[in-house]
Amino acid sequence: MRVLVTGGAGYIGSHTLIDLHGQGHDICALDTFDNSSPEVLNRVSEQIGAPLQHHAVDIRDGPGLDRVMAGFRPDAVIHFAGLKAVGESAQIPLDYYSVNVSGTGTLLAAMQRAGCGRIVFSSSATVYGEPAYLPFDETHACAPVNVYGHSKYMAEQILKDWQRATPGASVVVLRYFNPVGAHGSARIGEDPRGQPNNLVPFVAQVAVGRRDKVRVFGADYDTPDGTGMRDYIHVEDLARAHSAALNFAARHSGFEVFNIGTGRCYSVLEVIDAFARASGHDIPYEISPRRPGDIARSVADTSKAQALLDWRARHDLRQMCQSSWNWQSGNPNGYDAG
Ligand code: NAD
Ligand code: WQD
């Protein structure tokens, strides 16, 4: 298939481009580099051993999207482009609604004009909010507790309504749990701007000496060691889930939601310990107050993805930490070092 990848220079998009190319798809990336570096696409190109088509077009730019669609004629779109920082989303909510909600609508309208009816969308386990039961399955009620989560859930609703109104269209929503790790080449990985918000990139920067210590947000949760537990998923497994979702979309019309996780969860202290072993470095930490809005535990029921997408995660926590360390130690300043 010809696959247009919005947000293709981002963390998950870049890994997915490589997987898609490996599966024989023709790929084209679209990204404004608002939260990524153009160097990412050089590295993707290096990995696939071929030039990569790219357009620096904003997903909110309808005429720009029309030009890209007319030139590339995609059979499907994988839609990663968006803003993703929970804390920031409370400070600049209108930007989050503009990019994540309006941007998704603008993209769908352009797809419709171009006659493209397949889309795979990046959603998040954040849409569930506080668990009524665990593991989360896809029928769990959605009650997001932050602006970012609201914007993702609104985008899901737009996609659902668009699919219903568009005979033959196929929408696959993937709700990712906690993506971590890096490409096996150690040439591509997560390169957050400024201080990382997420645990694993923060731990990686402590291991490599860029930061002093990890702050553990709460050790008084109702979990075995008191720290928060999450379902971490290797980014290469996640990338592969997109290829599986595309195959599904090619065979089915309709609207389907899938959890993408491993079905296992680990505590903050277990992650720190696994990373220390993988890196061979001590990881100093201190117990700090809880971070507002965090839940004690999150874990996916992945049986639907296993049954309908024939996909399951292959990498364990050790491999996630090892690949993250290989990337971080080989590129201590991320993509900036060249
Ligand atoms: P990322 O920030 O690395 O990638 C997003 C990309 O979109 C960036 O390269 C950015 O430059 C681009 N972009 C932003 N606004 C744009 C716009 N208006 N037009 C075109 N491009 C634009 O994030 P990621 O971690 O790769 O996440 C990809 C998607 O997955 C996002 O939609 C995110 O919300 C979702 N997601 C991420 C996680 C996570 O923990 N990383 C978890 C669940 C869901
Ligand atoms: C994991 C655990 C923290 C940092 C977020 C978004 C979610 C999705 C993935 C985009 C928690 C603890 C963290 C630190 C810590 N993103 N922690 N010290 O909060 O599960 O999910 O990223 O869609 O929407 O909400 O991930 O990596 O921030 O936190 O103790 O410096 O690590 O409290 O228990 P989270 P995270």
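Predicted model: local features only at pLDDT ≥ 70, side-chain atom pairs only at ≥ 80, totals over all residues.
1. Lining of the largest cavity. By class, this lining has six nonpolar, three polar and one charged residues. The residues are Y11, G181, A182, E190, V200, P201, A204, S324, W327 and Q328.

2. Cavity count and volume. A search of the whole structure finds two cavities of 30 Å³ or more. The largest cavity has a volume of about 70 Å³. The second largest cavity holds about 50 Å³ of space.

3. Lining of the second largest cavity. E190, D191, P192, P201, Q205, R210, W327, Q328, N331, P332, N333 and G334 form the lining here. They divide into four nonpolar, five polar and three charged. Helix 7 and helix 11 each supply at least two residues of this lining too. E190, P201, W327 and Q328 line the second largest cavity, and E190, P201, W327 and Q328 also line the largest cavity.

4. Residues around ligand 1. There are 27 residues around ligand 1. Those that come nearest are D31, N35, S36, K84 and Y148. By class, the shell has 12 nonpolar, nine polar and six charged residues.

5. Contacts to oxygen atoms of ligand 1. An N or O atom in the side chain of N35 is 2.7 Å from an oxygen atom of ligand 1. For K84, a polar side-chain atom lies 2.8 Å from an oxygen atom of ligand 1. N35 and K84 are both among the residues that come nearest to the ligand.

6. Contact to a nitrogen atom of ligand 1. At I59 the backbone takes part: one of its N or O atoms lies 3.1 Å from a nitrogen atom of ligand 1. The protein covers 96% of the 810 Å² of accessible area that ligand 1 has on its own.

7. Elements of the ligand shell. Which elements each supply at least two residues of the shell around ligand 1? They are helix 1 (11-22), strand 5 (118-124) and helix 6 (147-165). Strand 5 gives the most, with three residues.

8. UniProt, in an unreviewed entry, places the feature "domain: NAD-dependent epimerase/dehydratase" at residues 3-261. Over residues 3-261, the chain is 41% helix and 19% strand. The end C-alpha atoms of this stretch are 24 Å apart.

Definitions and conventions. Residues numbered from 1 in each chain as written. Chains lettered and ligands numbered in written order. Heavy atoms only, no water. Near = heavy atom within 4 Å. Polar contact = N/O pair within 3.5 Å; in protein donor to acceptor, adjacent residues only side chain to side chain. Areas by Shrake-Rupley, 256 points an atom, 1.4 Å probe, with all protein chains shown as cover. Helix = DSSP H or I, 4+ residues; strand = E, 2+ residues; numbered from the N terminus. Nonpolar A, V, L, I, M, F, W, Y, C, P; charged D, E, K, R; others polar. UniProt positions renumbered as here; feature names shortened; annotations may be inferred. 1 Å grid on protein atoms, 1.4 Å probe; cavity = no way out; pocket = protein on both sides within 12 Å on 5 of 7 lines; lining within 4 Å. Points joined across faces, edges and corners; volume = space filled by probe spheres on them.
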